[in-house]
Structure formats: structure tokens, C-alpha cells
Amino acid sequence: MGGGNRNAKNLPVGADGREWSEGLFGCCSDAGTCIVACFCPCIVYSKVKHRYEHLNAKGYPDPEHGGGVCSSDCMIHGLVSYCGFGFLMQMMQRGSIRARYNIKGGGCGDCCTAFCCTPCELTQESRELEIEEQSYGGKA
């Protein structure tokens, strides 16, 4: 698949991968996404998922930047979160994003991060995608 620069910040890559482009608690660098993730994580989850899938399938950024607010992924995440298990969907998405960008970590860390730090985790994933999207030269 095509793609932009998946390591646009030129972070060092070791045998086990690289670090995230931005730290988990760097969520204030995108306060808008972080605030939405605090109150409606299903919206940020679905937008990140849509952008990730578009990049993976088409090899270029999603022109709709994640699509509408109330997608089926948003509704499913909201329902699963209502039952207390939304973090499982986020954990799986985090693993996919780590694989795309060759980022260090594993399933246990993904689970803990998704369960304990949802807004920061979703914002970190959104920023990682945005950095690649920006590497295409257009506004992401």
C-alpha cells in the first residue's frame, strides 16, 4: 500500500520499533480532539478508525478527515462503551496503528492505555495519523 512518511519526525527506529511521534500526555497539543474524546470518545474513535482504514486501503488521506459525527462505528463504540467494554475496541485499533507505524509496545500496554487513559490515547492516535497525512503536503 502507498502512504506518506510514516516516520515524519525521523524518530530513531530500533529492532523493536520506534516511539510514538507524540507522548501520551501530549494530548494538549490537540486540545479540541482531547476534549471531544473526554466527553464523546465514540466520535474520536470512529474518526480515527475511518482515517486509518482510508490510509491503509487507498494510500492517501481521507478527504473527509474521518467522515461524519454519527457513523455506525461511533454508534457501536458508544453501545459497547455503555456496557463498559469500549476500551477493547480502542485496544485493537491502537495495535493496528502501532503496526502501521512500527511503534514499540504490545497488547497488554494497549489494553492498559485504552482502559486508563482514553482521551489521551485517542488523541495520540489521531495525531500519529495526522502527521502522516500532513506529509502529503496538504492540510490534514
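I started with asparagine 102, which counts as partly exposed at 41% relative accessibility; my cut-offs are buried under 20% relative accessible area, exposed over 50%, and partly exposed in between (1.4 Å probe, protein chains only). This is a predicted model, so I take local features only at pLDDT of at least 70 and side-chain atom pairs only at pLDDT 80 or more, while totals for chains, interfaces and linings use all residues. Numbering runs from 1 along each chain as its sequence is written, and side-chain values use heavy atoms, with hydrogens and water left out.

**Asparagines and phi**

I placed asparagine 102 in the loop between α4 and α5 (107–116); helices here are DSSP runs of H or I with at least four residues, numbered from the N terminus. Its phi is positive, about 55 degrees, although asparagine 102 is not a glycine. I noted that because most residues other than glycine have a negative phi. Asparagine 10 also turned up, not a glycine and with a positive phi of about 50 degrees. I found asparagine 10 in the segment before α1, and asparagine 10 is exposed, with a relative accessible area of 63%.

**α3**

Which residues of helix α3 are buried? In α3 (residues 72–82) I get Asp73, Cys74 and His77. They cover an arc of only 100 degrees around the axis (from the directions of the C-beta atoms as seen from the helix axis), so they sit on the same side of α3. I checked what they pack against, and the answer is α2 and α4 (86–101), taking contact as heavy atoms within 4.5 Å. On the face of α3 turned away from the buried side I found the exposed Met75, Leu79 and Tyr82.

Leaving out residues up to four places away in sequence, valine 80 touches Phe85, Gly86 and Met89. I also looked at valine 80 against cysteine 42: they are 38 residues apart in sequence and 9.6 Å apart in space, C-alpha to C-alpha. Just after α3, I logged glycine 84 with a positive phi of about 95 degrees.

**α2 against α6**

The axes of α2 (residues 41–58) and α6 (residues 118–134) come within 10 Å and cross at roughly 30 degrees. I read the crossing as left-handed, meaning the near helix is turned anticlockwise from the far one by less than a right angle, with clockwise being right-handed.

On the α2 side I listed contact residues including Pro41, Val44, Tyr45 and Arg51, and on the α6 side Leu122, Glu125 and Leu129 are among them. The residues of this α2–α6 contact divide into 8 nonpolar, 2 polar and 5 charged. Nonpolar is Ala, Val, Leu, Ile, Met, Phe, Trp, Tyr, Cys and Pro, charged is Asp, Glu, Lys and Arg, and the others, Gly among them, are polar.

**α1 against α6**

How do α1 and α6 pack? I get about 140 degrees, with the axes 8 Å apart, for α1 (residues 31–39) on α6. That makes α1 oblique to α6, and the crossing is right-handed. Thr33, Cys34, Ala37 and Cys38 in α1 meet Pro119, Leu122, Thr123 and Ser126 in α6. I sorted the residues of that contact into 5 nonpolar, 3 polar and no charged.

Key. Axes fitted to C-alpha atoms, helices over the stretch in contact; angles between N-to-C directions. Helix = DSSP H or I, 4+ residues; strand = E, 2+ residues; numbered from the N terminus. Parallel < 35°, antiparallel > 145°, perpendicular 65-115°, else oblique.
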